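Here is a short briefing on how two chains meet and where a ligand sits. Read it alongside the sequence and the model.

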Amino acid sequence: MKPFTIAWVNLKRLFRDRSTYFFVFIFPLALILLIGLQFGGDFLPQVGVLATEEGTTATEIVDALEAEPGLEVVPLRTEAELVDQVERGNLDAALTIPAGLDQSLAAGQPAELGFIARPGGTGAALAPVVGEVVQRSLLAANAAAFVSVQGLGDFPTSVALAQQVENGIPAAEVTEETVGESLFPASLGRFDLGASSQLILFMFITALSGGAVLIQTRQLGLSRRMLSTPTSVTTIIGGEALGRFAVVALQGIYIMIGALLIFGVHWGDPVAAIAIVLVFSAVGAGAAMVIGTLFRNAEQAAGVGIMVGLGMAALGGAMLPLQLFSPTLQRIAHFTPHAWASDAFAKIRDQGNIIDIAPELGVLAAYAVVLILFASWRLRVAITRP
Amino acid sequence: MANVMEAHDLAKRFGDLVAVDGVGFSIAPGETYGLLGPNGAGKTTTISIIAGLLEADAGKVEVGGETISPSAIGPKRRMGLVPQDLAIYPDLTARENLHFFGRLYGMDNNEVKERSNRVLEMIGLTDRADDLTKEYSGGMKRRLNIGIGLLHGPELLILDEPTVGVDPQSRNAILEAVEALSGEGMAVLYTTHYMEEAERLCDRVGIIDQGRIKAEGTRRELVNLVGQKDRVTIAAAGGQLQEAARRLSGLEGVEEAGADDQGITLLVVEAGRLLPVILSELSQNGISVSGVTIEEPDLEAVFLHLTGKALRDV
Ligand SMILES: Nc1ncnc2c1ncn2[C@@H]1O[C@H](COP(=O)(O)OP(=O)(O)OP(=O)(O)O)[C@@H](O)[C@H]1O
Ligand SMILES: [Mg+2]
C-alpha cells in the first residue's frame, strides 16, 4: 500500500533526527513532572484564613476548610497580610473569622464572617464553596447556640454535644454532599490535569512543526518525483497526511502510557482516552497540512507552527485550566480543538466513557475533516502546478 | 514497431511567458533523442509535460499508446524521470531512497532489493550505499538521482541535464551509463545544452530555442542544413563584442555571427580567405583577440545557423 510507504518514510526520517527524541518524547514527560512537582499544589486554589481569636467555632471552620479537598488553607496573621496576599494574587481568596464568634453565637446574635477575593477568576468561584463549608461548620455551633439560648446547658458543652450528634450517621451525608462543590474533583491527582494539558499542547505543536516537513518534501522536488511514478496525487497526499497523523498519534499514545506508568496519571477509560488521542491526531495532521500549504519556506512554517501551537494551547486551556477562564473566554476557547479535547479528557477523568464524550469527539472529527479537505485541495494545486 | 513516446503540438505558458510553443517529436524504442537548447529554451517544461508532472495548455503526449496527464497512472510505469534538480531524501541512505521509489513504482520487496543492488553497482555507489545521502559529494548525489530513475527498468528514461555541475570523471561515467542502457534497448530522452553530449549520445537531436523546435534530425542531417561552412570561434576581450559581431555579419561570406562574453562565433563560407579581414575589423574596433579556432560544421554551428545565437557551455 503506497500511502503506508509514504507514511513510513515520514516516520523513518523523523526518528533519524536526534532532536526528535528530546522534543517529542523526553521533553513532554519532563514538563509533566516539572509542572506536577512545582505547581501541582497550585491547581488547588489557595484560601487564606485570618482567625482573630482562637475559639471552638473558628477551629471548626478551619478544620472543615482544611478537610475540603478542592482547596488549600493558608493561615494568616494580620489584616494587612490578608489584603496584600489577595491583591497580589498569591491567594485566590481569604476568609476572616471575627473575634468573639463563639460568644455572639452563644448569645444567638448573627455572626459576620468576611470573605474577600479578587473580582472574577477562581476567587469569586470559591465563594460558594467556602460559604458552604462555613455553613456546615456552623451547624454544630448553631445547634449549640440554640441549646444554650434555650438555657439547656452552657455553650462549650452544647457544642461538644452537637458535634457528637453531627458525627452520627445522618450528619455524615451532609459532609459528602459538599465534595462536588469544589472547583476540581477531589480525585484529581497532582499530575492528572497537567498531563492531559501537556499531552494536548505537545501533540499539536508536534503536528504543526510537521507542516515544515511537507514543505521541505516539496522543495526537495520529492513530491514531484513521487508524481512521476505511477502514484496518484490522492495517494501522495493521503500518504503525507497519514505520516503526519502517525507521528502525532504515536507521540500522544507514548505520553499517555509514559505518564500512566511513571507518574500514575489517571486518564480514565482507556478506550475513550485512545479515541481522543486518535481524533485529536487527525486534527493535528490536518492542521499540519494546512500550515504546509500556506507557506513556501520551511523555517517560516516551523516558526509559525510553534507560535500558533503555543497560542492555541494557551487559548484552548492547555496551559491554564479552562475552569479558571471567564465564561466569555471559555466560549472563545472552544474555537480551538484544544478546549474540546480538554473537555473530553476532563469527562473521562470523571468516570465518563466514549459515549459521554461523543459530542467532543464529533466536534474534533469535524475539525479534522475540514482541515484535511482544505489542505488536500491546496496541496494538490501546489504539487501539480509548481 | 510503435513509438515509445509521441508528443504533438505541446504548448505551455506561465503568465505572459510562452515557455513551450508547439513542440512535437517522437521517440522510437531503443532510440536516444536529444533536446539541445540554451538556458530557458523550454527543455524542462517540455519534459515535465511528457513525464506527466505538468498539465499542458495544449497538445497531447502518448506513452506506449496511452495519453499522459498528471493523473495518468498506466503510462508512468513505462517511464523513469531523472529531474534536473536533485530529488533525493538527504536523511535517507542511497539504498533507502531506491527502496522508497522502487515501492512507488510498484515493485515488491525482493524485486526492489535485487534491482537496487544492480543499480548501485551501475552508478558506482555500492560502497556508500548505506551512508546518508547528505554526506555524499555532488557527483554522487547526481548519480543516485539517475539511479532512482532507472531502477524499475523503464522503456523510456528521461534525463534532464544530468551532467550539470558534475566533475569530468563523473560526467564521463554518466555518459557511459546512458550509452550502456541505450545499448540494452532502453529509449532515452536526453536534454542538454552541451553540444558534445548531444553529438556523442543521441541518435536524433531536436534543437530547441524559445519554446520551439527549430530543426530535428540526425547529426548529419542537421549539419547538412548549414552547408559547407566553417565555424570560426574567436576568443576575444574588450570593446563591444555584440556590436562587432553585428558588423562582421555584414561582411561578404559571413553567414552568421554571434557574440557572448568569451568572444565571437561565426559561420563563414571560406574561412581561410576571410580570416584576415575579420581580424583587422576586430582590431579596428579595439577588440584584442587571444585565439582563433576553425572547425568543420557541428551542432554548435547548426544552432548558430538556426538561431543566430551562440550555444555556449555555461
Ligand atoms: N514554474 C514556472 N513559472 C514561471 N515561469 C517558468 C516556470 N518554469 C519555467 N518557467 C519559464 O519558462 C521558460 C522555460 O523554462 P525551462 O525550465 O523549461 O527551460 P530549460 O530549457 O529547461 O532551461 P535550463 O537549461 O536553464 O534548465 C523559462 O523562461 C522559465 O523562466
Ligand atoms: Mg531545464
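Buried area is the accessible area (1.4 Å probe) that two parts lose on being put together, summed over both. By that definition, chain A and chain B bury about 2400 Å² between them. Carbon and sulfur atoms account for 65% of that area. The model is predicted: local features need pLDDT of at least 70, side-chain atom pairs count only at pLDDT 80 or more, and totals for chains, interfaces and linings use all residues. Residues are numbered from 1 along each chain as its sequence is written, chains are lettered from A and ligands numbered from 1 in the order in which they are written, and side-chain values use heavy atoms, with hydrogens and water left out.

**Interface of chains A and B**

- A:Arg16, A:Arg225 and A:Pro230 supply 29% of the area that chain A buries against chain B, more than any other three residues.
- Chain A brings 22 residues to the contact and chain B brings 31 residues, where contact means heavy atoms within 4.5 Å.
- Three salt bridges are counted between the two chains; each is a side-chain nitrogen of Lys or Arg within 4 Å of a carboxyl oxygen of Asp or Glu.
- A:Lys12 and B:Glu96 form a salt bridge through their side chains, at 3.7 Å from N to O.

**Chain A side of the interface**

- Helix H1 (2-16) and helix H10 (222-228) of chain A are the elements that give two or more residues to the side touching chain B.
- Helices (H or I, at least four residues) and strands (E, at least two) are DSSP runs, numbered from the N terminus.
- H1(A) provides the largest share of this side, seven residues.
- By class, this side has eight nonpolar, eight polar and six charged residues.
- Ala, Val, Leu, Ile, Met, Phe, Trp, Tyr, Cys and Pro count as nonpolar, Asp, Glu, Lys and Arg as charged, and the others, Gly among them, as polar.

**Ligand 1**

- Ligand 1 lies between chains A and B.
- It is surrounded by 14 residues, each with a heavy atom within 4 Å of it.
- The closest are B:Gly40, B:Lys43, B:Thr44, B:Thr45 and B:Glu161.
- An oxygen atom of ligand 1 is 2.6 Å from a side-chain N or O atom of B:Thr44.
- For B:Thr45, the corresponding distance is 2.6 Å.
- For B:Glu161, it is 2.6 Å.
- The protein covers 66% of the 630 Å² of accessible area that ligand 1 has on its own (Shrake-Rupley method, 1.4 Å probe; for residues, only the protein chains shown count as cover).
- H1(B) gives the most to the shell around ligand 1, with three residues.

Methods
Polar contact = N/O pair within 3.5 Å; in protein donor to acceptor, adjacent residues only side chain to side chain.
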